[in-house]
Structures are given as C-alpha cells and as structure tokens.
Amino acid sequence: MRRILAGLAVAAATVAVAVPAHAEQQPVAPRATMLADGAPVAGGAHRPFETHHVSRRPAAARLAAGETHTVTVVHVGFDGQPAPVHSTSLLGADLTEYDALERTGTATVAVPAGRYVLSSVIMPADPADARAALLVDPVLDVAGDVTVVVDARAARTSSISVPAAGVVPVLASVGLTYSTAAGTAEIGISGDSLERIYTAQIGADTGVDGIVSSVSGVWSSADATTTFNLRYNRIGSLMSGYRHDVRRGELTAVPTSFAAGNAPELTGNWYAVSRLPGQDEVHGAAVGLPVRLPSTVMRYFNNDGGVQWRTRMYELTPECFGCSVTTGAWTSYRPGATVAEGWNRAVFSPSGGGVTRDGDTINVDLPMYSDGAGRTGNSGDAGTTVLQRDGVEVGREEWGGAGAFTVPDARRGRYRLAVESRRGAPYALSTSVAAAWEWTGDPALIDVRFAPRLGADNSAPAGRDLAVPVTVLTPSPGPRAVTVDVSYDDGATWTRAPYAGGLAQLHHPAAAGFVSLRANVRDVGGNTAAVTVIRAYRISAA
C-alpha cells in the first residue's frame, strides 16, 4: 500500500502526525485524517491526500519475467503547465503495482503487456493552494510503448450538502475500488472538503467491470455532538462532478450514548468506515471524532446502494492512545428510521470467537474485552494464553487471547484453552478477565456475554435487585447447563445466583463497591466455557 502526502510517496511509519490518530482532546481542535487500518496521517487546515493499492507481488518479479513496454505519462497542472507535483501508478489485473517515479512533469514506467488501471494525483507546487486532482484511466491497454496525458484541468469537484445548520465538513473522500480474481485494491483521495478534491475519468467512458466508485464525507458540529456520515456510490466508473442535496428522509438517525465508569481522565474517540455489500474490507479514509464520557451524540448515516457502516470506538488519555478499542459489526441502516446505540457499556469480557485451525496449527486471536452487545474489544496490560491437548500443555504466550500453536494431527484430541488478561489504572472496570474453553476436535467455543442495564457511569444502585441478562451462544444446538456466580469482594468469595430464562438475579449490598461475575456453561456436544470478570460493573451509593 502506498500513501501520498503533499505529492511525495511516504512509508506509513514515517508519516508526520499533527495530532494522535483519533485522539483530539479538544472538540474544536483540527481533526486527524485516519486510515481504516489505524495508520494516521497529518491533520490540520491543509489536508493530506492518499492513494492505497493492494499489491499481490512486487513489480520487480513481473519485470524480470519477460518483455516490457514503456508507458510515458505527461502530467499537466491546473495552470496548463507541466505539473511539478504528481504521482502515477499502474495497477495490473493481478494487483501488481508499477510506479512512475520521476517528478519532472513527464514520467515513464516499464510494464509487461496487459490491461491496467492508471491513476494519477496532481497537486500545485504552492502549499497554500490546497487542491488535488485524481485522474483515473480504468482501461489502459498496453501492447507497445504508449503515451498518456493526464490533465488536472479536466477534473471537476463534487458536492454534498447536509440538512443541518452549524455543521462543517471534517473529511471528504473520492475514490474507487478495483476488484479482480486476485482481490481488491482501493484508489482514493481525501481532504477536509470536497471543494478541493478534483476527479476525472480519462480514456474509457463506459462502465468497467470490477470498478465501484464513491463520494463520501463526514460533517460535524464544532463540539462533535452532531455528525453526518455519508457515502454515495457508482458502479463501473469514477465519480466526477457529483452533486447531491441530502434530505432527512434518506438518513438514519442514530442517537449514540457513550458510557463512562473508569478514571475521569479517560476520553473517547470514534470513527466509522463504509463498504458496499459483498466488498472486501479495504483501507478507506476515516476521521476520529472526540466524545466526552459519558455523553450522547447524534449520528446520521445514509444507505445509498445498501452501504454498510462499521464504527470503532477508543478510550484514551494523553499518555495512552487506544488504551481500549471496541469494534462494531458492519451495519446497513434503514432510511428514515431512528436507531439508538449504546457504546462503552459493561460488561467487558472475553469473546468466544477467533480460534481456528489451519492444518496442524491452532490460531488464537480472541477479543478479550468485548461488550455485552457482542462488539469485539481489546485492552489489557498483561496476560497469558495456554493451550492444552489431552491434559498436556501444547504451548503458551505471555499475552491474553493471542497465539499460534502447532499441534501434530490437530483434528484429534480434547482441547482446553485458558486465557486471562489484567489491566490497571486508568481502568476501574474489568480489571481482571479470564476464560477457559474445552472442546474435542476442531475449535468449537461457547460465547458468554453479560449485559446488565446500567447507568451512564456503568453503575447500578446499592441495596437493589438487578436482573442481569446472560447471552450464551453454543456451537451445538440444544439444551445447555448454565450457572452464574456473583462476588462483591473482587472474587474472594462467590455466591450462586438464581438463573432462569437467560437472567441472573442479583441483590446488591447496601454499600458502594463492585460486582464480579462468573459463568459456567456446558452444551450437549460436550463443549464447555468458564468466564470470570472481576469488577464487571460498579455499585453506586444509594
């Protein structure tokens, strides 16, 4: 994958960062542009622009394999003169990428014969001129030497207006995905406003198989309590000159509450990425938006083409970005509806997904701090992962929920996987979590979740009864045995809680403190799970 900052190709590890990714501490601070894979690029008034490609193998391997032809690319700037700042790539059907690296206005690249997607980014030399043009030829057939002219003057801006006063664009992006039998690549350009992003498709003016383009953006109020997350799509060609005035009826209103309960210095940050149904997850641009804990914000999403959205939420301090991260499922929102969501809600505990067998290797990648709604989550300062087969330890890792264990003839035997994770300040909840699963043959893990109804600070009143919903998902259908235990002294002593109909009945003591929970499950297939959460939620004074 390659990213372009101010016209220069840079490695992700060396990109300058104006503010930490997602981590703006003040609601009105410049927001950092982020990529969906978590790699940040610099934020501020003059947006960076990036293109991304997925390369299946290095271009050198193709170039050494046989005859090549020279593609000459002439770059023309917004002023009609040779462009001094440009970058061009050719992407083959196998997603091999070839770069035209010269910075002289005219650049050349050697490629084997074949069909390519050519993409060029052109920017003015003056840093104060914050425009960028993306020009794409989706069908460049190379059978001999060829010259291509890419002219920024052919590109046009797009515009989207949102139905609300007092919100401004904080992220704008135009680009396309290119899908072949080899996978999917994304070519895109992002900035702080569609007014400065110019695009044009050159060459073929008909629909091209495998091409899906989009115009998208995020609009936010100054305090980030009202946001619009929008994406509009076209099949077969690059969008250019797109115009749309958004109506309320085409949006879904998502009032979103973010809970607290840990140290006051912890703040939140969230972003959302998008895709169309059936698309691979690619590394699109997103923007991290600050959120106070606790608070409620109003988010709006659209549904053009059935677009799906995925939200990711972080907790952070000035010293610790991403102390915890929670990731939601891909969601297609229904236009005109109102859908309330609650984030950062206890109980945070290990999830039963993420253990697979690949030949004779058991791969463990478990979310250790997933929430009661089933969103995956990770955090922790220390922990362990231990795998046994037939009572004999196969291997261990000194981190909770992760590892790859080689086991001869891995499909046979009785397995036990034990994981645990611990975290301290600034965390007061789920300070120690542990789980152990047993199964025979291929991995078959039971998922157990606790989802009590709690206040905005993840607490429930002292001296009261509380019914705690317990969700149990088993790989074997049919009856299962479930027990739930509760502790009010951080696990020193445990008491069996009445359990029926998916509810554990608790009675909180009169004093403030914490509730710890433990569940044991066995299904008809002989699979078992034991999940323990110390300080699952807080008891507040009556």
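Asp409 is partly exposed, with a relative accessibility of 44%. The classes used here are buried (under 20% relative accessible area), exposed (over 50%) and partly exposed (in between), computed with a 1.4 Å probe on protein chains only. The model is predicted, so that local features need pLDDT of at least 70 and side-chain atom pairs count only at pLDDT 80 or more, while totals for chains, interfaces and linings use all residues. Residues are numbered from 1 along each chain as its sequence is written, and side-chain values use heavy atoms, with hydrogens and water left out.

Asp409 has a positive phi, near 50°, and is not a glycine. Asp409 sits in the loop between strand E32 (402-406) and E33. Strands (E, at least two residues) and helices (H or I, at least four) are DSSP runs numbered from the N terminus. Ser430 is another non-glycine residue with a positive phi, near 50°. Its loop runs between E33 and E34. Ser430 is buried, because its relative accessibility is 0%. Most residues other than glycine have a negative phi, and most peptide bonds are trans.

Cis peptide bonds were also found. One joins Ala425 to Pro426, with omega near 15°. Pro426 is placed in the loop between strand E33 (414-422) and strand E34 (432-440). Ser430 lies in the loop between E33 and E34 as well. A cis bond also joins Ala346 and Val347, with omega about 25°. Val347 belongs to the loop between strand E26 (341-343) and strand E27 (355-358).

Asn233 lies in strand E17, residues 226-235. Its relative accessible area is 17%, so Asn233 counts as buried. The side chain of Asn233 makes a polar contact with the side chain of Arg231, at 2.6 Å. A polar contact is a pair of N or O atoms within 3.5 Å; within protein, one atom must be able to donate a hydrogen and the other to accept it, and residues adjacent in sequence count only if both atoms are side-chain atoms. Leaving aside residues up to four places away in sequence, Asn233 touches Ser213, Ser214, Met239, Leu276, Asp304 and Val307.

Met313 is part of strand E24, residues 308-316. Met313 is buried, at 1% relative accessibility. With residues up to four places away in sequence left out, the contacts of Met313 include Phe258, Trp270, Leu293, Val325 and Trp343. Gly268, Asn269, Ser324, Thr326 and Asn344 are also among them. The C-alpha atoms of Met313 and Ala272 are 8.9 Å apart, across 41 residues of chain.

Six strands form an open sheet with mixed pairing, in the order E6-E5-E8-E9-E15-E11. Strand E6 (97-100) and strand E11 (156-157) are the edges, each pairing on one side only. Two strands pair if DSSP finds at least two bridges between them. Strand E5 (residues 85-92) and strand E8 (residues 114-123) are antiparallel partners over eight bridges. Val85 has Met123 as its bridge partner in E8. In general, strands of a sheet pair through backbone hydrogen bonds, either parallel or antiparallel.

The whole structure holds 18 salt bridges. A salt bridge is a side-chain nitrogen of Lys or Arg within 4 Å of a carboxyl oxygen of Asp or Glu. Glu341 and Arg299 form one through their side chains, at 2.9 Å from N to O. This pair links distant parts of the chain: Glu341 is in strand E26 and Arg299 in strand E23 (residues 295-302), 42 residues apart. Both Glu341 and Arg299 are buried.

Arg196 and Asp192 also meet in a salt bridge, with an N to O distance of 2.5 Å. Arg196 is partly exposed, at 28% relative accessible area. Asp192 is buried, at 13%. The side chains of Glu393 and Arg396 form a further salt bridge, at 3.0 Å from N to O. Glu393 is partly exposed, with 39% relative accessibility. Arg396 is partly exposed too, with 42%. Finally, a network of salt bridges links Arg357, Arg411 and Asp442.

Note on methods
Contact = heavy atoms within 4.5 Å.
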